[in-house]
Amino acid sequence: MNPITHFLVGWLTANSCELSRKERTLVTIAGIIPDIDSFGIIAEPLTSHWERPLMWWSEYHHVLAHNIGFCLLMTGIGFLAAAQKWKTAFLVFLSFHLHLLGDLLGGRGPEGYSWPIPYLLPFSDAWPLTWSGQWELNAWPNFVITGLGLMATFYLAWKRGYSPIGLIFPRVDDLVIKALRTRFPQK
């Protein structure tokens, strides 16, 4: 799935119960952090004409961070960094797995390649997850999920008084909430 969709799913997971801003940030990051192994998407085309191109995208995407080992690392960080340790750790774990599920359902590339997810790494390379019905990144289900995620995010922002923007820019978030509530007054 698209990183924006992963972000929205992580944010919505973080808002499934009462969490502090820091805890919401941890859960939201867990929903997008597996794509840190996408760093090669820039290096690979830039080096494609080199004698030894950097095949970081082809070799490492869905390998380094799309697995239970990285999930456990992120869950541990969530546990250690949160005040509500068990709740936050559980939601980090869930948010991370929702990312994997999203990729399993809707992460096929335009060339038709279904990225397998080596779930048991680094403990084992057995049992890679894949699904023959995986839809392409630009397929309509991904657009619907993103659209629904955006609508839910705007609704929660309007209702609760904070949005994902507040994770980084709290003052800007106040302006966004004010604009939302001016446009759609609360009754």
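So, reading along the sequence, what pattern does the chain follow? It goes α-α-α-α-α-α-α-α. The count comes to eight helices and zero strands. One caveat before I go on: this is a predicted model.

Let's do the overall picture. The C-alpha atoms fill a box of roughly 60 × 35 × 35 Å along the principal axes. The chain has 187 residues, and 42% of them count as buried. If you take the contacts with a sequence separation of 6 or more, 65% come from residues 24 or more positions apart.

Helix α1 runs over residues 3–14. At its start, a side-chain oxygen of Asn2 comes to within 2.6 Å of the backbone nitrogen of Ile4. I also checked the length of α1: twelve residues at 1.5 Å a residue should span 16 Å, and the end C-alpha atoms are 16 Å apart, so the two agree. For that sum you count one less than the number of residues.

Which residues of α1 are buried? They are Thr5, His6, Leu8, Gly10, Trp11, Thr13 and Ala14. The cover over those buried residues includes α2, α6 and α7.

Next, α2, residues 21–32. This helix has twelve residues and reaches 17 Å from its first C-alpha to its last, close to the 16 Å expected. Its buried residues are Glu23, Arg24, Leu26, Val27, Thr28, Ala30 and Gly31. Notice that Glu23 and Arg24 are on that buried list. And what covers the buried residues of α2? The cover includes α1, α5 and α6.

While we're on helices, a quick reminder: an α-helix has 3.6 residues a turn, so residues three or four places apart point the same way. Keep that in mind for the next bit.

Out on α7, residues 140–160, sits Met151. Is Met151 buried or exposed? Exposed, because its relative accessible area is 53% and the cut-off for exposed is over 50%. Met151 also belongs to a nonpolar surface patch of about 470 Å², which it makes with Trp140, Val144 and Leu148.

The loop between α3 and α4 holds Thr47. With a relative accessible area of 4%, Thr47 is buried, since buried means under 20%. A polar atom of the Thr47 side chain lies 2.9 Å from the backbone oxygen of Ala43. Leaving aside neighbours within four places in sequence, what is Thr47 in contact with? That would be Pro53 and Leu54.

The other one is Gly166, in the loop between α7 and α8. Gly166 is buried too, at 8% relative accessible area. Not counting residues up to four places away in sequence, Gly166 touches Arg21 and Asp173. Leu72 is another matter: it sits 94 residues from Gly166 in sequence and 27 Å away in space, C-alpha to C-alpha.

Key
Residues are numbered from 1 along each chain as its sequence is written. This is a predicted model: local features need pLDDT of at least 70, side-chain atom pairs count only at pLDDT 80 or more; totals for chains, interfaces and linings use all residues. Side-chain values use heavy atoms; hydrogens and water are left out. Helices (H or I, at least four residues) and strands (E, at least two) are DSSP runs, numbered from the N terminus. Buried means under 20% relative accessible area, exposed over 50%, partly exposed in between (1.4 Å probe, protein chains only). A polar contact is a pair of N or O atoms within 3.5 Å; within protein, one must be able to donate a hydrogen and the other to accept it, and residues adjacent in sequence count only if both atoms are side-chain atoms. Contact means heavy atoms within 4.5 Å. Patches are made of residues with over 30% relative accessible area and no salt bridge: like charges are joined within 9 Å, nonpolar side chains (Val, Leu, Ile, Met, Phe, Trp, Tyr) within 5 Å. Accessible areas come from the Shrake-Rupley method with a 1.4 Å probe; for residues, only the protein chains shown count as cover. A salt bridge is a side-chain nitrogen of Lys or Arg within 4 Å of a carboxyl oxygen of Asp or Glu.
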